Structure formats: structure tokens, C-alpha cells
Amino acid sequence: MTTHGSSKAPLVVVGDALLDRDLTGSADRLAPDAPVPVVAGCEERVRPGGAALAAYLAAADGRPVTLITGLGDDPASERLRELLDGRVEVIALPLTGALSEKTRVLARGRPVVRLDRGDGRARAATEEARAALRAAPAVLVSDYGRGAADALRDVLTERPPLVWDPHPRGGPPVPGTRLVTPARSEAEAFARQTDAGADTPGGELRQAAGQAAALVRHWRVGAVSVTLGVRGALLSYGDHPLLVPAPAAHEGDPCGAGDRFAATAAGLLADGSLVGEALQGAVAAATAFVGSGGAAAITPAPGRTPAPAAPTAPSGDGASGDPFAVAARVRAFGGTVVAAGGCFDLLHAGHVGLLQAARRIGDCLVVCVNSDDSVRRRKGDGRPVNPLADRVRVLRALGCVDAVAVFDEDTPERLLAELRPDVWVKGGDYTGADLPEAALLREWGGQAVLLPYLDGRSSTALIARAAEGAR
């Protein structure tokens with residue numbers, strides 16, 4: 001779900017930043033001097049990595065983000081500052097050595113080799129970092145074992161974070177952390193290190209459940225969520241686990257999915273969600289992230305604000321994609337992006353018919369839906385009958401809907417200018433004069449069209465009939 005103009009809780013991310021680089025080309029032959037592939041025609045993409053990626057993604061969700069991390073004066077640190085400038089506030093901890101860089105060489109999207117360099121570690125906390133952490137309403141620790149979390153462990157112990165995303169090279173989460181989010185292999189490694197459920201018999205799920213429960217007790221944290229890739233995630237409070245399946249199975253690049261998961265979970269908890277609700281949203285976000293190309297699809301350009309990139313509430317059983325990523329993926333294959341808009345207060349047969357017809361026009365359908373405040377201004381007090389989260393969940397459950405975006409203005413022009421669909425659809429109860437978006441669509445060669453509603457169907461009519469029946 002993408003929001004425009006909505007207020008989200010600020011988040012402070014503490015952890016170890018990396019600079020990630022992908023060299024992507026094609027491999028059609030082996031080298032003459034060794035049996036290794038020759039990757040030719042490489043394109044380079046540079047992006048934030050580690051804690052910086054988690055902070056970048058949280059900011060892309062539309063919330064204010066501060067990153068506390070080790071940075072120096074080396075070229076990699078300076079490049080990372082450029083990538084984060086204007087998106088994330090950065091509080092630098094002194095760094096010994098150069099910032100860690102990870103370079104992947106990929107052939108036709110599949111990794112061939114990874115090159116690592118830079119062994120910099122955050123060497124000490126600063127008073128600025130301590131003050132920011134003590135004042136933070138919500139904290140995510142993204143610990144890649146390079147010193148940032150250790151340098152601030154005393155403050156984190158005073159005020160335990162909402163989410164701790166651990167790494168076997170780092171220290172344990174501080175007691176009182178609300179949610180710890182290891183991947184399956186990480187949970188197994190921690191269990192071996194601590195003898196916490198390491199020898200749980202049975203299959204993968206049973207082992208993960210036993211290890212998660214044991215780690216909850218060993219670490220003295222609120223809950224442990226073990227991410228299971230395409231199977232979703234398992235949540236334990238120390239007893240019977242909750243399994244949240246992934247809404248879809250993608251064979252895409254999983255690089256960065258753990259950061260997407262942790263950033264979403266922390267953001268939802270900061271916004272007031274329960275742990276189980278945050279887990280559902282995080283699974284949906286990570287699934288959509290992998291489906292849209294993963295970290296490799298992130299190509300930040302200095303000075304541009306990233307499009308929001310993840311759901312901010314638990315998804316339904318249908319669409320879970322980020323609208324901007326969905327549109328970009330369809331365009332990359334020469335497809336047609338269709339968008340439709342409305343309040344969708346009480347979803348009825350007219351809405352469903354319109355959306356099904358809209359989806360048949362092109363290769364994806366993004367539904368742009370009015371926020372609660374926008375509906376209230378348009379329809380008056382007492383509307384919407386259904387709040388935004390419910391309306392979005394119902395829309396996303398429809399098989400014809402690929403993604404949902406939310407706008408807070410009276411009309412969706414600002415959202416459309418960012419999304420730039422090829423076709424904009426409105427129901428047939430609007431006249432040409434009621435389509436101010438038509439001129440906007442023409443600016444990039446798009447087309448606004450009307451599609452007929454089923455006669456006699458409208459939310460207003462349904463509400464009136466319900467009121468009459470109640471009398």
C-alpha cells in the first residue's frame with residue numbers, strides 16, 4: 001500500500017552500513033585460460049547496503065528515518081552519503097578502516113561471484129548518536145557485526161528497540177527487544193552458539209519453532225520471527241508458533257529481502273500494529289520486494305526521493321506488489337500500465353466489473369484509492385463507512401488488482417504524475433468534464449477512458465437502502 005500525505009512514525013536505524021554494487025552482464029562463453037564464465041557488457045548499479053538499505057527502504061515507505069552508522073572519509077563512505085542525501089538523516093560514528101563494499105557479478109540476473117573489500121568498524125559512540133537514540137520513539141537495530149550496535153549497547157539496553165535484525169558475527173539482541181528477526185540459517189547458527197534448541201528433532205518447521213522458542217527464552221526478548229524464504233515466516237513468543245505463509249512464491253533475487261522484512265516490521269510496530277500484524281505486513285512486503293527484482297532493482301539517483309516501496313499494513317490474499325515496482329516491471333517488457341481510481345467505500349458489483357474490465361485493457365492494474373480524509377471531504381461526515389485499511393485489504397484481495405496506492409488529496413493528479421500510467425480508467429457515471437486527469441495523462445502520452453458501471457450500483461445507494469431497511 002502506498003500512501004501520500006499520511007503521517008507515519010519516525011524510525012531510528014542503528015547498525016552497520018555497506019555499499020553494494022552489482023555488475024550485470026551476459027555470459028555466453030568460457031575464458032580461454034580457465035574454465036570460468038566471461039561476463040561481458042556489464043552495467044554497474046550502486047545502492048545502499050546493510051543497515052543503510054534498511055533505512056533507505058523505511059524512508060521509501062514514507063516515514064522520517066535517521067541512520068546511526070559508522071562512516072569515514074573513504075570513497076565508499078562518501079558515495080553512500082550521496083545515495084542517502086535528501087532521503088535519510090545520517091549520524092556518523094567514527095570508522096576504523098574503509099567502509100565495507102560488496103560487489104556482485106551477475107550473468108543474466110544470476111550471481112557468478114561476490115567480491116568483498118573494506119573491513120571498517122564503528123569504533124565508538126558519539127554524544128550526538130546517544131542523544132538521538134535516547135529521544136527516538138522507535139528503533140530498529142540492523143546488526144551486521146561491524147561494531148555500531150556494540151558501540152551503543154548501553155543505550156540500547158536502557159531503551160530496548162522494537163526490532164533487532166541480527167547477524168551471527170554480531171552480538172545478541174539486548175533483553176527486552178520486542179521482536180528479533182533472524183533468517184533460518186541465522187537462527188540455526190545462534191541456536192548452536194547458545195545451545196538453545198539446536199538439537200530440536202523433526203523437519204524444518206519443527207526445528208525452526210524449537211529454536212525460535214528457545215531463543216526467546218535465552219535472549220529474554222518479546223518474540224522471535226524466523227524468516228523461511230518462500231514459505232513465509234514463523235513467529236514464536238516462546239510457546240506455540242504462528243506461521244505466516246508468503247502470499248506468493250517468487251524465484252527472484254532474494255538479496256535485501258531480510259532488510260525489507262525488518263524495515264517493514266519495525267515501521268508497522270512504530271505505527272501501532274501488534275507483532276502478529278507487523279509480521280503479516282513484513283512477509284507481504286518481502287515477498288513483493290523479491291517479486292519486483294529485490295535489491296538489484298534499486299537504482300537510487302542523488303537528489304530524487306524514492307517512491308514508496310512496501311505495504312504498510314497486513315495484506316490480503318491477492319495483490320501485494322508495490323505499485324511503482326509493478327509498473328516498472330511491466331514497462332520493462334513493453335507492457336501497458338492501467339490505473340483506476342475511486343473511494344471504493346462499499347465494494348459492490350459495479351466496482352468489481354469496472355476493475356475486471358480495466359485489468360483486461362493492459363498488463364497490470366494499479367488501483368488509486370482516496371484516503372479517509374479525502375473521502376470525508378468529498379462525501380461529507382459519516383463517510384467513509386469502511387476505514388482505509390479495510391478498503392485497501394478488500395481491493396488487494398481481488399485477483400484483477402496488481403497493486404494499491406493511496407492518495408490524500410481531493411484528486412489523484414500528484415500520484416498519477418509519479419506513477420505515469422498508460423491508461424487511466426474511471427467509471428461511466430463520470431462525464432468528460434469530471435476527468436481533470438485527462439489533460440495530465442496526455443503530458444506523457446497516456447489516455448484517460450471511461451468504462452461503464454453496472455446500472456443501479458453505487459455505495460451511496462447501498463447505504464441508503466441499508467438505512468431504509470434499518471428503519
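Predicted model: local features only at pLDDT ≥ 70, side-chain atom pairs only at ≥ 80, totals over all residues.
Residues are numbered from 1 along each chain as its sequence is written, and side-chain values use heavy atoms, with hydrogens and water left out.

Let me begin with the empty spaces. Rolling a probe the size of a water molecule over the atoms shows where empty space is left. On a 1 Å grid over the protein atoms alone, a cavity is a set of points where a 1.4 Å probe fits but cannot get out, whereas a pocket is an open set with protein on both sides within 12 Å along at least five of seven lines, and lining residues have an atom within 4 Å of a point. Grid points are joined across faces, edges and corners, and a volume is the space filled by probe spheres set on the points.

The count comes to one cavity of 30 Å³ or more, and the largest cavity holds about 60 Å³ of space. Among the residues that line the largest cavity are Asp16, Thr69, Leu95, Gly120 and Arg146. By class, this lining has four nonpolar, four polar and two charged residues, where Ala, Val, Leu, Ile, Met, Phe, Trp, Tyr, Cys and Pro count as nonpolar, Asp, Glu, Lys and Arg as charged, and the others, Gly among them, as polar.

The second largest pocket has a volume of about 1000 Å³, and of the 44 residues lining this pocket, Pro254, Cys255, Gly256, Ala257 and Gly258 are the closest to its centre. Its lining has 19 nonpolar, 10 polar and 15 charged residues. Elements that each supply at least two residues of the lining include β2 (17–30), β3 (37–50) and α8 (257–270); helices (H or I, at least four residues) and strands (E, at least two) are DSSP runs, numbered from the N terminus.

Now to the salt bridges, each being a side-chain nitrogen of Lys or Arg within 4 Å of a carboxyl oxygen of Asp or Glu. How many salt bridges are there? The count comes to 20 salt bridges. In one of them, aspartate 22 pairs with arginine 47, with the closest N and O atoms 2.9 Å apart. Aspartate 22 lies in strand β2 and arginine 47 in strand β3, so the pair ties together parts that are 25 residues apart in sequence. Both aspartate 22 and arginine 47 are buried, where buried means under 20% relative accessible area, exposed over 50%, and partly exposed in between (1.4 Å probe, protein chains only).

Arginine 117 forms a salt bridge with glutamate 101, their closest N and O atoms being 3.3 Å apart. Arginine 117 counts as exposed at 54% relative accessibility, whereas glutamate 101 counts as buried at 11%. Arg21, Glu44, Glu101 and Arg117 are linked in a network of salt bridges.

Finally, the backbone. Most residues other than glycine have a negative phi. Phenylalanine 344, however, has a positive phi near 50°, and its place is in the loop between β15 (337–342) and α11 (349–361). Arginine 420 also has a positive phi, of about 50°, and sits in the loop between α14 (413–419) and β18 (423–427). Phenylalanine 344 is buried, with a relative accessible area of 4%, while arginine 420 is partly exposed, at 41%.
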